[in-house]
Amino acid sequence: MTSASQKPEIATFAAGCFWGVEHIFLKHYPPSQNKGILKTAVGYTGGKDSPAGPSYQEVCSGTTNHAEALRIEFDPSVVSYDELVEFFYRTHDPTTVNKQGADTGTQYRSAIFTHSPEQTTVAKCVTEEVQAKHFTPNGKKIVTEILEAGSWYDAESYHQLYLFENPEGYQCPTHRLHW
């Protein structure tokens, strides 16, 4: 439960196939354990606006420029936005353009879609810290986009909680804790 003074906030992350992104966040922040994540949805954002919303097939075609993304409703009195941003970086490879593991295309890009000027500031600050600590020493550069959130479209129902419903389903090998 959120405190009376803290309204739930939204965080939106794209880090490759949304099945694995949702799975790793919920494994580490299960709503049943009151770790701050209240609920999640996988969907599409960052592309062309569409009255009906894009389909999975349209997003995969690359013609809509949408990213597969995870939308998190969280309680900021339990988990901070900066903690979620750092966790996002820990759980994928933010140094590859439009690619995670074998998955390639604009829908698999690394992006943070911010919902306020404060989130933009935090995302940029955490990105700089993570770059300096975890990537500069290895000669790698974070290519994650930090963009203002636009229209959100929930993915088809069979995509929601996919790896919980299909434990043997495909999971990108980059979706693990890297540090």
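Leu-161 lies in the loop between β8 (152-154) and α5. Helices (H or I, at least four residues) and strands (E, at least two) are DSSP runs, numbered from the N terminus. The model is predicted: local features need pLDDT of at least 70, side-chain atom pairs count only at pLDDT 80 or more, and totals for chains, interfaces and linings use all residues. Residues are numbered from 1 along each chain as its sequence is written, and side-chain values use heavy atoms, with hydrogens and water left out.

## Loop residues

Leu-161 has a positive phi of about 55 degrees although it is not a glycine. Asn-98, in the loop between α3 and β4 (99-100), also has a positive phi, near 55 degrees, and is a residue other than glycine.

Buried means under 20% relative accessible area, exposed over 50%, and partly exposed in between (1.4 Å probe, protein chains only).

| Residue | Relative accessible area | Class |
|---|---|---|
| Leu-161 | 34% | partly exposed |
| Asn-98 | 26% | partly exposed |
| Val-78 | 35% | partly exposed |
| Thr-144 | 12% | buried |
| His-159 | 0% | buried |

His-159 is in the loop between β8 and α5. Contact means heavy atoms within 4.5 Å. Not counting residues up to four places away in sequence, His-159 touches Phe-18, Trp-19, Glu-22, Val-42, Tyr-44 and Tyr-56. Between His-159 and Ala-52 there are 107 residues of sequence separation and 18 Å in space, C-alpha to C-alpha.

Thr-144 is found in the loop between α4 and β7 (145-148). With neighbours within four places in sequence left aside, Thr-144 is in contact with Phe-88, Tyr-89, His-92, Pro-94, Ser-110, Ala-111 and Ile-112. Thr-144 and Trp-179 are 35 residues apart in sequence, and their C-alpha atoms are 18 Å apart in space.

Val-78 belongs to the loop between β3 and α3. Its contacts, leaving aside neighbours within four places in sequence, are Asn-34, Lys-35 and Gly-36. A separation of 23 Å lies between the C-alpha atoms of Val-78 and Leu-161, which are 83 residues apart along the chain.

Helix α1 is mostly covered, with nine of its eleven residues buried. These are Phe-18, Trp-19, Gly-20, Val-21, Glu-22, His-23, Ile-24, Phe-25 and Leu-26. Three of them, Phe-18, Trp-19 and Glu-22, are touched by His-159. The buried residues of α1 pack against β1, β2, α2 (56-61), β3, α3 and α5 (162-165).

In helix α3 (residues 81-90), the buried residues are Tyr-81, Leu-84, Val-85, Phe-87, Phe-88 and Tyr-89. An α-helix has 3.6 residues a turn, so residues three or four places apart point the same way. The cover over the buried residues of α3 includes β1 (9-15), α1 (18-28), β2 (37-45), β3 (67-74), β6 (110-114) and α4 (117-135).

## Cysteines

A disulfide is a covalent bond between the sulfur atoms of two cysteines. Here it is counted as a pair of cysteine sulfur atoms within 2.5 Å. The structure holds zero disulfides. Cys-17 is in no disulfide, and the nearest cysteine sulfur, that of Cys-172, is 7.5 Å away. Cys-172 is likewise in no disulfide, its nearest cysteine sulfur being that of Cys-17. Cys-17 is buried at 7% relative accessibility, and Cys-172 is buried with a relative accessible area of 2%.

## The largest pocket

Rolling a probe the size of a water molecule over the atoms shows where empty space is left. On a 1 Å grid over the protein atoms alone, a pocket is an open set of points where a 1.4 Å probe fits, with protein on both sides within 12 Å along at least five of seven lines; lining residues have an atom within 4 Å of a point. Grid points are joined across faces, edges and corners, and a volume is the space filled by probe spheres set on the points.

The largest pocket holds about 180 Å³ of space. Its lining consists of Tyr-89, His-92, Asp-93, Pro-94, Thr-95, His-134, Phe-135, Asn-138, Lys-140, His-178 and Trp-179. By class, the lining has four nonpolar, five polar and two charged residues. Ala, Val, Leu, Ile, Met, Phe, Trp, Tyr, Cys and Pro count as nonpolar, Asp, Glu, Lys and Arg as charged, and the others, Gly among them, as polar.
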